[in-house]
Amino acid sequence: MMKFDLPEATIELHEHFFNAQESASIMQALITGIDWQQYQIKIFGKTLDQPRLTAYYGEDHPYYAYSNIKLQPIPFTPILLSIKNKIEALTAHPFNGVLLNYYRNGDDSMGWHADDEKELGMNPVIASLSFGASRTFQLQHRLEKSIPKQSIALNDASLLVMQGETQHFWKHQIPKQKNKGPRINLTFRKIIY
């Protein structure tokens, strides 16, 4: 496990959360077994397709909303439940929702944002599990522009856990990267109403 020494952030990275064979099997099951959707977002008055596919699974809450998109949770599949249980055992934190993002190639991306919706509570724990191609995860302090941007390689079967004040003070993104294969990312969270 690697901890990052960043001000006003608690971030740790667990490499090889699954072995290579397990990871390849899980990724194939997610590609074929998840109800992937391409939602639209409004940016500067224009309606655009999100540059990735998305799905939301969960329990014990009516919806999860971000960027003016309201997602009704689909019940956890057995594989998602198994992954959730393994992450909960490591983090000692309960989760009741998972946002899945399918980056089909290096042209798919996620812009700067923080996971700071009010439904996530004061200091949310976000557990982000990656399968497939390695992608660069960038962090930028929201207030102190003098703090350099940070880059973390999210490799196959890596688990990044963000907690504490991280979402209050840091934004993150997955930028476009040329010549990248498919990647699936699962971000587990606890929704509170």
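Me: Asp60, buried or exposed?
Reply: Asp60 is exposed, because its relative accessible area is 71%. The cut-offs are under 20% for buried and over 50% for exposed, with partly exposed in between (1.4 Å probe, protein chains only). This is a predicted model, where local features need pLDDT of at least 70 and side-chain atom pairs count only at pLDDT 80 or more, while totals for chains, interfaces and linings use all residues. Residues are numbered from 1 along each chain as its sequence is written, and side-chain values use heavy atoms, with hydrogens and water left out.

Me: Where does Asp60 sit?
Reply: In the loop between strand S5 (53-58) and strand S6 (64-66). Strands (E, at least two residues) and helices (H or I, at least four) are DSSP runs, numbered from the N terminus.

Me: What about the phi of Asp60?
Reply: Positive, near 70°, in a residue that is not glycine. Ser67, also not a glycine, has a positive phi of about 50°. Ser67 lies in the loop between S6 and strand S7 (69-71).

Me: New topic. Which strands form the open sheet, and in what order?
Reply: The order is S9-S14-S11-S12, 4 strands with antiparallel pairing. S9 and strand S12 (150-154) are the edge strands, each pairing on one side only. Pairing here needs at least two DSSP bridges between the strands.

Me: What is the average twist?
Reply: 20° from one strand to the next. Axes are lines fitted to C-alpha atoms, for helices over the stretch in contact, and angles run from 0 to 180 degrees between N-to-C directions.

Me: Why is S14 called largely enclosed?
Reply: Because 4 of the 5 residues of S14 (residues 170-174) are buried.

Me: How many bridges join S9 to S14?
Reply: 2, with S9 (residues 110-113) running antiparallel to S14. Met110 stands opposite Ile174 of S14.

Me: And S11?
Reply: S11 (residues 135-141) has 4 antiparallel bridges to S14 and 5 to S12, also antiparallel. The bridge partners of Gln138 are Gln173 in S14 and Ser151 in S12.

Me: Which residues form the nonpolar surface patch?
Reply: Ile43, Phe44 and Leu48, with about 350 Å² of accessible area together. Areas use the Shrake-Rupley method with a 1.4 Å probe, and for residues only the protein chains shown count as cover. Patch residues have over 30% relative accessible area and no salt bridge; nonpolar side chains (Val, Leu, Ile, Met, Phe, Trp, Tyr) are joined within 5 Å, like charges within 9 Å. A salt bridge puts a side-chain nitrogen of Lys or Arg within 4 Å of a carboxyl oxygen of Asp or Glu.

Me: Where is Leu48?
Reply: In strand S4 (residues 46-49). Leu48 is partly exposed, at 39% relative accessibility.
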